[in-house]
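Q: I'm new to this one. Could you walk me through how to read it, feature by feature?

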Amino acid sequence: MKDIGLAFFRIAVSAMMITHGLPKFQKLISGNFEFGDPIGIGAAPSLFLAVIGEFICPILVIIGFKTRFAAIPTAITMAVAGFIAHAADSFGTKEKALLYLVAFITIALLGPGKFSIDKK
């Protein structure tokens with residue numbers, strides 16, 4: 001039962017994260033690099049990192065490939081969103097980023113379970 005719960009959790013959370021990453025991915029492949037620069041590395045690199053964290057890595061988490069490692073960039077992306085990009089915003093605004101942060105840290109700590117490519 002634990003492995004079914006881990007699979008359900010990682011797939012559901014990652015699928016929801018992809019809904020935030022897909023528009024950024026589409027923006028990136030269309031050549032539109034307008035994006036925020038919360039950590040001072042430039043808009044294009046920030047967009048590229050957000051696509052990795054919100055689109056590429058959640059796909060890896062869904063299939064359970066290098067799950068613990070793949071959850072880390074997403075957690076970092078959500079930490080930047082919650083603590084830097086939305087630092088001055090109300091808790092209600094940054095709450096979603098913080099919930100995703102907690103979820104992906106949990107996935108990184110617990111792993112994918114046996115219903116994954118990793119099978120751990």
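A: Helices and strands are DSSP runs, numbered from the N terminus. Keep in mind that this is a predicted model. From the N terminus on, the elements of the protein chain go α-α-α-α, which comes to four helices and zero strands.

Q: How does the radius of gyration of the protein chain compare with the globule rule?
A: The radius of gyration is taken over C-alpha atoms. Here it is 14 Å, close to the 14 Å that the globule rule gives for 120 residues, so the protein chain is as compact as a globular protein of that length. Its C-alpha trace spans about 45 × 30 × 20 Å along the principal axes.

Q: Is Ser116 buried or exposed?
A: Buried means under 20% relative accessible area. Ser116 has 9%, so it counts as buried. You'll find Ser116 in the segment after helix H4 (91–110). Leaving out residues up to four places away in sequence, Ser116 touches Arg10, Ile63 and Gly64. Its side chain also reaches the backbone nitrogen of Asp118 at 3.3 Å.

Q: And which residues form the nonpolar patch on the surface?
A: Patches are made of residues with over 30% relative accessible area and no salt bridge. In this case they are Ile39, Ile41, Phe48, Leu49, Phe83 and Ile84, with about 570 Å² of accessible area together. Helix H2 (43–63) and helix H3 (67–85) each supply at least two of the patch residues.

Q: Where does Ile41 sit?
A: Ile41 is in the loop between helix H1 (2–29) and H2. With a relative accessible area of 39%, Ile41 is partly exposed.

Definitions and conventions. Residues numbered from 1 in each chain as written. Predicted model: local features only at pLDDT ≥ 70, side-chain atom pairs only at ≥ 80, totals over all residues. Heavy atoms only, no water. Buried < 20%, exposed > 50% of the residue type's maximum accessible area, 1.4 Å probe, protein only. Polar contact = N/O pair within 3.5 Å; in protein donor to acceptor, adjacent residues only side chain to side chain. Contact = heavy atoms within 4.5 Å. Patch = residues over 30% accessible without salt bridge, like charges linked within 9 Å, V, L, I, M, F, W, Y side chains within 5 Å. Areas by Shrake-Rupley, 256 points an atom, 1.4 Å probe, with all protein chains shown as cover. Salt bridge = Lys/Arg side-chain N within 4 Å of Asp/Glu carboxyl O. Rg over C-alpha atoms; globule rule 2.2 N^0.38 Å.
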